[in-house]
Amino acid sequence: MGLFNFVKEAGEKLWDAVTGQDDQRGDLIKKHLEKTGLAGADKVEVEVKGDKVIVKGDGLSQEQKEKILVAAGNVEGVGDVEDQVTVAAGDSAAASKSYTVKKGDTLSAIAKEVYGDANQYNKIFEANKPMLSDPNKIYPGQTLRIPQ
């Protein structure tokens, strides 16, 4: 549990500057999570307070939790995601690291930086499915899960 920072100006555009109240934005993020097909998205509640998203739920795997938090944070206008999700008992998976994409980055370059081997790019791609549909389609400001 904790607070994760995201690049507020980057991400999926779900609303414009004049759209809706925080509760409507929470509903939009919840629908976005479900639309991506993320396992466990049906087990969380989403609340928005300004540029902060609060994700609550329990019984998810570590991987499901991380993917949901990253997907919620990779929405334009979201600066922080507060993690109030508990992992299912018995899930001892190690937490992934996160990486914010910079201009000019590729998954191969990121893999070279974090693993020392550019050929490990597919590990990062797989860890970020279904948010990533193509290993060549990442953008500056996007936050990615980096598995150990």
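Here is a short briefing, grouped by topic.

What you are looking at is a predicted model. The protein chain has an average pLDDT of 91, and 97% of the residues score at least 70.

**How confident is the prediction?**

- Helix α3 (residues 107-115) has the highest confidence in the chain, at a mean of 97, while strand β1 (residues 2-5) has the lowest, at 82.

**The four-stranded sheet**

- Four strands make an open sheet in the order β1-β4-β3-β2, and the pairing is mixed.
- From one strand to the next, the twist averages 20°.
- Strand β3 (residues 52-60) and strand β4 (residues 80-87) run parallel and are joined by eight bridges; Val 53 has Val 81 in β4 as its bridge partner.
- β2 and β3 run antiparallel, with six bridges between them, and Glu 47 stands opposite Ile 54 in β3.
- β2 and β3 also form a hairpin with two residues between them, and Gly 50 in the turn has a positive phi of about 70°.
- Which residues of β2 are on the covered face, and which on the uncovered one? Val 44, Val 46 and Val 48 make up the covered face, and Glu 45, Glu 47 and Lys 49 the uncovered one.

**Lys 49, at the end of that list**

- Lys 49 belongs to strand β2 and is partly exposed, with a relative accessible area of 49%.
- Setting aside neighbours within four places in sequence, Lys 49 is in contact with Asp 22 and Ile 54.
- Lys 49 and Asp 134 are 85 residues apart along the chain, and their C-alpha atoms are separated by 32 Å.

**Helices α1 and α2**

- Helix α1 (residues 22-35) lies across β2 and β3, and runs at about 140° to β2.
- Helix α2 (residues 62-73) has twelve residues, which at 1.5 Å a residue should span 16 Å; the end C-alpha atoms are 17 Å apart, which agrees.
- Ten of the twelve residues of α2 are buried, so the helix is largely enclosed by the rest of the structure. Among them are Lys 65, Glu 66 and Lys 67, along with Ile 68, Leu 69 and Val 70.

**Leu 38, in a loop beside these helices' residues**

- Leu 38 lies in the loop between α1 and β2; at a relative accessible area of 7%, Leu 38 falls under the 20% cut-off and so counts as buried.
- Leu 38 and Lys 67 are 29 residues apart in sequence but 7.4 Å apart in space, C-alpha to C-alpha.
- Leaving out residues up to four places away in sequence, Leu 38 touches Leu 33, Lys 67, Ile 68, Ala 71, Pro 130 and Met 131.
- Pro 130 is found in the loop between α4 and β6, and a cis peptide bond joins Lys 129 and Pro 130, with omega at about 0°.

- Strand β5 (residues 97-100) and β6 run antiparallel, joined by four bridges; Ser 98 stands opposite Arg 145 in β6.
- In β6, Thr 143 and Arg 145 point one way and Leu 144 and Ile 146 the other way, and all are buried.
- Is Gln 142 buried or exposed? Gln 142 has 6% relative accessibility, and so counts as buried.
- Gln 142 is in the loop between α4 (121-127) and β6 (143-146).
- Not counting residues up to four places away in sequence, Gln 142 touches Ala 10, Asn 74, Tyr 99, Thr 100, Val 101, Leu 132 and Lys 137.

Definitions and conventions:
Residues are numbered from 1 along each chain as its sequence is written. This is a predicted model: local features need pLDDT of at least 70, side-chain atom pairs count only at pLDDT 80 or more; totals for chains, interfaces and linings use all residues. Side-chain values use heavy atoms; hydrogens and water are left out. Buried means under 20% relative accessible area, exposed over 50%, partly exposed in between (1.4 Å probe, protein chains only). Contact means heavy atoms within 4.5 Å. The expected span of a helix is 1.5 Å times one less than its number of residues. pLDDT is the predictor's confidence in each residue, from 0 to 100. Two strands pair if DSSP finds at least two bridges between them. Axes are lines fitted to C-alpha atoms, for helices over the stretch in contact, and angles run from 0 to 180 degrees between N-to-C directions.
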